[in-house]
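Here are a few friendly notes to read alongside the coordinates.

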There are 2 protein chains.
Amino acid sequence: MNSVKVTFSPENIEVYVLPGTRIIEAAARAGIIIETPCGGKGTCGKCKVQVIEGKIEPTSTEIKLINKYDLNKGIRLACESFINSSCVIHIPQESKHSVGRILTTGLKGKKEIKPSIWKIYMELSGSTLENQTADLDMIRKVVPNGFKTDIYIIRKLSEILRESEFKITCVFSGNELISIEKGDTTKINYGVAFDIGTTTLVGTLLDANTGQELSVTARMNPQSIYAADVISRINLVIQEKDGLEKLHYQLIGKMNEMIDELANNASIDKKNIYKIVAAGNSTMQHLLLKLNPKNLGSVPFSISVREGIEIKAKKIGIDINSDGSIFVFPNIAGFVGGDTVAGILATEIHKSKDIKLLIDIGTNGEIVLGNKNKLISASTAAGPAFEGARISQGMRASEGAIEKVILNEDVKFNVIGNIAPFGLCGTGLIDAVAQMLRKGIIDTTGRIVDRKELQGKISEKLLNRIIEKDGQNNFLLVYEEFTQSKRPIFITQKDVRELQLAKAAISAGIKILLKELQIEEKEISEILLAGAFGNFIRRSSAKQIGLIPDVPSEKVRFVGNTASSGAEMVLLSNNLKEEVELISKNTGYIELSTKADFNELFMEEMIFKYVNKEDKNENE
Amino acid sequence: MNSVKVTFSPENIEVYVLPGTRIIEAAARAGIIIETPCGGKGTCGKCKVQVIEGKIEPTSTEIKLINKYDLNKGIRLACESFINSSCVIHIPQESKHSVGRILTTGLKGKKEIKPSIWKIYMELSGSTLENQTADLDMIRKVVPNGFKTDIYIIRKLSEILRESEFKITCVFSGNELISIEKGDTTKINYGVAFDIGTTTLVGTLLDANTGQELSVTARMNPQSIYAADVISRINLVIQEKDGLEKLHYQLIGKMNEMIDELANNASIDKKNIYKIVAAGNSTMQHLLLKLNPKNLGSVPFSISVREGIEIKAKKIGIDINSDGSIFVFPNIAGFVGGDTVAGILATEIHKSKDIKLLIDIGTNGEIVLGNKNKLISASTAAGPAFEGARISQGMRASEGAIEKVILNEDVKFNVIGNIAPFGLCGTGLIDAVAQMLRKGIIDTTGRIVDRKELQGKISEKLLNRIIEKDGQNNFLLVYEEFTQSKRPIFITQKDVRELQLAKAAISAGIKILLKELQIEEKEISEILLAGAFGNFIRRSSAKQIGLIPDVPSEKVRFVGNTASSGAEMVLLSNNLKEEVELISKNTGYIELSTKADFNELFMEEMIFKYVNKEDKNENE
């Protein structure tokens with residue numbers, strides 16, 4: 001089956017998807033998270049998009065919810081409509097799940113943008129012989145609530161004041177005067193929010209005055225060159241004399257490169273970036289701040305610092321405005337870091353009356369459960385399988401990765417970039433395993449069933465793909481002639497085992513948290529899937545393999561990269577620094593390994609429960 | 001007349017004074033300021049000292065005030081007794097005017113030492129797998145009121161905690177955690193108070209826990225090599241590209257040298273010095289902080305910063321504990337700096353019910369007048385004459401300087417170090433001019449009178465010392481055979497003019513301040529003479545030349561180096577940082593040049609009023 005091209009405006013991002021893909025999913029593929037307050041049930045009508053080229057037939061729900069005039073203009077619901085042919089779709093700003101929306105409208109009414117960096121323009125009268133006023137005191141007279149400042153600022157002050165004829169803009173970070181500029185520069189105020197992932201770095205440049213997103217960029221975390229995961233990076237720090245310095249400077253160098261690109265793309269001067277807000281897991285945040293993470297490498301997994309840290313950006317070599325600062329999120333525990341705090345902030349679970357479950361599947365898998373009364377968190381070593389590591393032909397979700405798999409008579413799959421595949425990424429693996437379970441090719445124990453056992457139960461084409469090697473069965477996903485490498489792509493028995501371990505870790509973790517709060521699965525009002533991976537995962541497949549609780553699909557919501565959106569929120573609203581501090585302090589942490597029943601639950605969750613169960617909607 | 005040697009114990013400092021010198025004055029010569037709450041009237045009995053070798057006859061006042069037993073033990077009042085022969089005098093701690101006394105007993109009852117640096121020893125329990133606590137949070141649990149800290153500290157924390165088995169001492173500066181040390185180091189806590197004079201630097205090492213003075217050292221301000229006074233240093237900064245850096249680094253280098261010496265002399269490790277408190281005039285404080293003082297060089301004499309500045313000492317290259325800090329005093333105006341604020345703090349004029357006048361004669365002359373209701377200040381360019389600059393044979397008050405002059409039948413003088421003189425210092429000049437006025441050798445206009453006009457009125461010996469040159473008279477103070485250089489030492493007509501200008505500036509300044517507060521001279525309850533120079537000046541001579549108002553001598557009190565003692569006080573009592581901030585804010589500044597009547601008053605004060613008036617007590 002040929003993929004079809006979808007172009008999203010106004011960003012002009014192209015993606016290739018299988019016919020029958022929902023708009024919301026295609027958009028996620030393009031990195032655009034569409035807001036679905038109703039959970040994708042097609043009832044709220046908030047996820048409106050406009051088909052401006054090509055054709056998408058309206059569904060019955062759409063005909064009910066959307067007026068005729070709008071229907072004719074191509075307005076559709078992203079959670080309802082399926083893409084079957086190439087088209088261009090416009091996603092209006094108000095449909096996007098973005099920090100701007102959260103901040104300006106949110107769920108609880110309008111909130112003001114109150115950036116952590118704020119500017120005041122002032123025309124000062126200067127000093128006179130009769131009434132001598134120190135340079136700094138002139139500014140103090142204008143700023144009612146007082147401020148602190150640094151000797152570097154005072155050193156520049158007298159010259160700037162006189163060169164600008166006492167017409168200056170004062171730049172404040174919270175209650176600190178961080179810069180003084182000639183003339184009126186109040187309109188110029190930028191910041192960058194960073195998601196410091198173990199594998200991926202995402203930077204978002206914002207206009208701090210308006211909240212507008214100006215550019216986004218992503219890079220591999222260069223620390224990956226030295227060590228793929230958190231534990232091996234910690235070990236590198238322990239074993240190599242300059243390990244910490246190496247990992248720290250690699251990261252900083254890459255962030256500076258991203259800042260340059262962000263500024264270039266938005267045609268702004270990086271010297272007008274005053275603020276960086278960064279969220280990552282505890283180890284990444286330690287490395288970012290050049291804090292030694294070695295105690296995270298052994299029991300009791302101690303972190304040096306839990307609280308949020310704000311320092312001058314130049315102190316760690318980040319090249320923005322020379323007086324600019326960086327805020328690094330508070331952590332919760334050794335393996336539940338600032339990215340999770342950012343996720344809680346962005347999803348507002350800590351304010352919710354209803355019980356919610358947040359699952360952030362990055363290289364690690366963090367889980368948060370609860371509501372405004374009580375929140376608890378846990379961490380599982382779930383990630384590598386989902387990010388392609390330890391999977392025989394696994395790869396990251398980048399060009400050439402199989403990201404979607406459907407098994408009917410034969411194998412259908414979609415490849416990122418619409419090229420011949422190199423391998424498969426996490427969602428592709430989950431899809432493949434989910435589909436193999438559905439067809440009975442994998443049994444409840446996770447074993448790939450012998451060809452002869454399936455004879456007559458599945459198509460010949462599928463049957464021929466089960467290939468035995470060294471006493472184990474593997475599933476031939478792509479024949480060699482269709483791959484980039486001209487070598488076949490397999491789902492091996494070992495790959496299935498890796499996925500079993502990962503999903504068992506997460507689902508056993510969820511079970512422990514439920515027990516801890518004495519909550520039943522059905523009391524969960526919403527499951528929030530976060531992380532780069534969370535964007536693309538198919539709910540039906542996730543439920544099929546038992547990765548997430550078996551709740552109705554409308555209760556499962558994709559919330560995108562909440563590490564980024566939480567960081568953006570703090571950038572735009574300084575008050576939230578206190579809020580994240582409270583989240584960090586008040587969110588409990590459960591160390592799963594200390595729970596007597598964890599191992600038992602883990603073993604239970606290794607079992608696949610839903611075999612031979614057909615999807616109602618395989619695209620869901 | 002031969003000088004006599006006086007040795008002061010326990011310091012073992014030797015000085016040579018003329019017979020007939022009061023003990024209090026000889027002690028001042030040795031750098032020891034004796035407390036005289038009654039103003040030296042011989043009524044309070046607070047200035048008790050003990051003659052332990054040699055003999056000093058008790059005066060009638062002493063016989064009245066001191067019991068027989070003590071009299072026999074050699075107890076005398078320093079303000080009463082005269083030294084006539086070599087002796088050893090013990091000055092008990094309680095008689096010394098020192099910061100320890102001010103702080104611990106003061107005038108208003110006992111005050112606690114509460115150093116700005118405080119330490120807490122703690123034995124922490126560490127983190128457990130079940131109850132994970134971030135390293136920094138362990139400390140937060142122990143410190144009730146919270147604190148801020150720096151990333152550098154957090155970087156070291158985890159290692160120190162574990163190497164010390166969680167037994168650590170936390171070092172705080174105010175509410176900032178500045179250092180973490182292994183084990184219990186609470187007893188080790190040192191600080192240095194610096195008086196940053198234009199000409200002289202004085203450093204005092206204190207035990208911050210006890211207030212005990214451990215060592216003192218003084219140096220020439222090395223900036224003097226480049227430019228002697230404040231104005232020429234400002235000009236150097238304006239004219240030379242690296243002028244500011246040069247002056248700044250010269251000063252810092254010298255301070256580091258002094259810190260090394262202070263630590264060596266007291267046998268302590270300079271890494272245990274956590275705090276520097278420095279007070280100087282506005283320009284010196286700007287140079288210390290590497291703030292450009294160029295706007296102090298022209299109207300309206302703007303300073304960059306008025307308020308006190310606290311920064312990490314290493315930020316300006318001061319080499320103490322790597323986390324130690326320096327507090328630089330707040331200023332009042334361009335030419336009334338932190339040294340004056342320190343002077344107000346040390347003398348507590350800002351708390352006084354009675355009107356007091358503080359005159360700090362250093363290289364500049366600062367004046368403060370008022371009481372707790374209102375304080376105003378002014379600055380006069382008085383200093384150079386008093387420090388020997390611009391005086392033909394002037395020199396600093398160091399070895400070989402004539403520091404005291406008496407004219408009777410002939411000239412008697414005392415030389416610092418009891419050697420042949422090189423020249424004369426400020427007090428010597430004031431003495432000489434005062435004595436010449438008394439003898440009528442100088443008339444009211446300041447003219448050195450012709451020899452023939454004085455014929456029969458003064459001794460032949462004195463008459464022969466008036467020598468005409470180029471139409472002006474000079475006074476031959478020391479014949480060439482008695483000087484070091486084998487060239488005669490003169491008081492020239494020009495020297496008298498310089499002194500006239502200086503004294504006119506100060507006394508006109510005092511008059512303006514009195515007018516400003518609508519106060520009569522007689523309402524001044526006390527005149528406080530501060531500064532290195534203030535220690536040695538003779539009240540009778542100062543009044544004779546009209547430098548200070550003609551009040552009874554008991555109202556004139558020497559308060560020593562108040563820049564140092566104010567700095568020491570802040571070092572030992574962190575609360576005083578707020579107090580000096582209030583002093584700086586609330587002390588008014590009068591720019592004398594803007595006062596219409598200043599020039600007229602200045603001309604009036606050029607006149608010497610007291611000619612041919614005999615001293616009652618020439619040693620006073």
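1. Let's begin with the surroundings of B:Leu288. Leaving aside residues up to four places away in sequence, B:Leu288 touches B:Ile196, B:Leu251, B:Ala278, B:Gly280 and B:Val328. Bear in mind here, and in every point below, that this is a predicted model.

2. Where does B:Leu288 sit in the secondary structure? B:Leu288 belongs to helix H9 of chain B, which covers residues 282–288. B:Leu288 counts as buried because 24 C-beta neighbours fall inside 10 Å, and the cut-off for that label is 20 or more. As for a distance within the chain, B:Asn264 is 24 residues away from B:Leu288 in sequence, and their C-alpha atoms are separated by 24 Å.

3. B:Lys469 gives a contrasting case to look at. B:Lys469 is part of strand E24 of chain B, residues 466–469. With 10 C-beta neighbours inside 10 Å, B:Lys469 is classed as exposed, since that class takes residues with 12 or fewer. Between the C-alpha atoms of B:Lys469 and B:Leu576 there are 56 Å, with 107 residues separating the two along the chain.

4. Now to the interface. On the chain A side 36 residues are in contact with 36 residues of chain B. Helix H5 (135–142), helix H6 (151–163) and strand E16 (309–312) of chain A each provide at least two residues of the side that touches chain B. The largest share, five residues, comes from H6(A). Sorted by class, this side of chain A has 17 nonpolar, ten polar and nine charged residues.

5. How are the two chains related? Chain A is superposed on chain B by a rotation of 179° with a shift of 0.1 Å along the axis, at an RMSD of 0.2 Å. The two copies are therefore related as by a two-fold rotation axis. In chain A, the C-alpha nearest that axis belongs to A:Lys315, 6.4 Å from it. The interface fits in with this picture: 100% of the interface residues of chain A are also interface residues in chain B, so the copies meet through the same surface.

6. Finally, a word on the domains. The domain assignment of chain A gives domain 1 (4–96), domain 2 (117–182), domain 3 (346–384 + 500–606) and domain 4 (393–491). Note that domain 3 is written as two segments, 346–384 and 500–606. The C-alpha centres of domain 1 and domain 3 of chain A are 28 Å apart.

How values were computed. Residues numbered from 1 in each chain as written. Chains lettered and ligands numbered in written order. Predicted model: local features only at pLDDT ≥ 70, side-chain atom pairs only at ≥ 80, totals over all residues. Contact = placed C-beta atoms within 7 Å. Helix = DSSP H or I, 4+ residues; strand = E, 2+ residues; numbered from the N terminus. Nonpolar A, V, L, I, M, F, W, Y, C, P; charged D, E, K, R; others polar. Least-squares fit on C-alpha atoms with pLDDT ≥ 70 in both. Domains from an automatic or database assignment.
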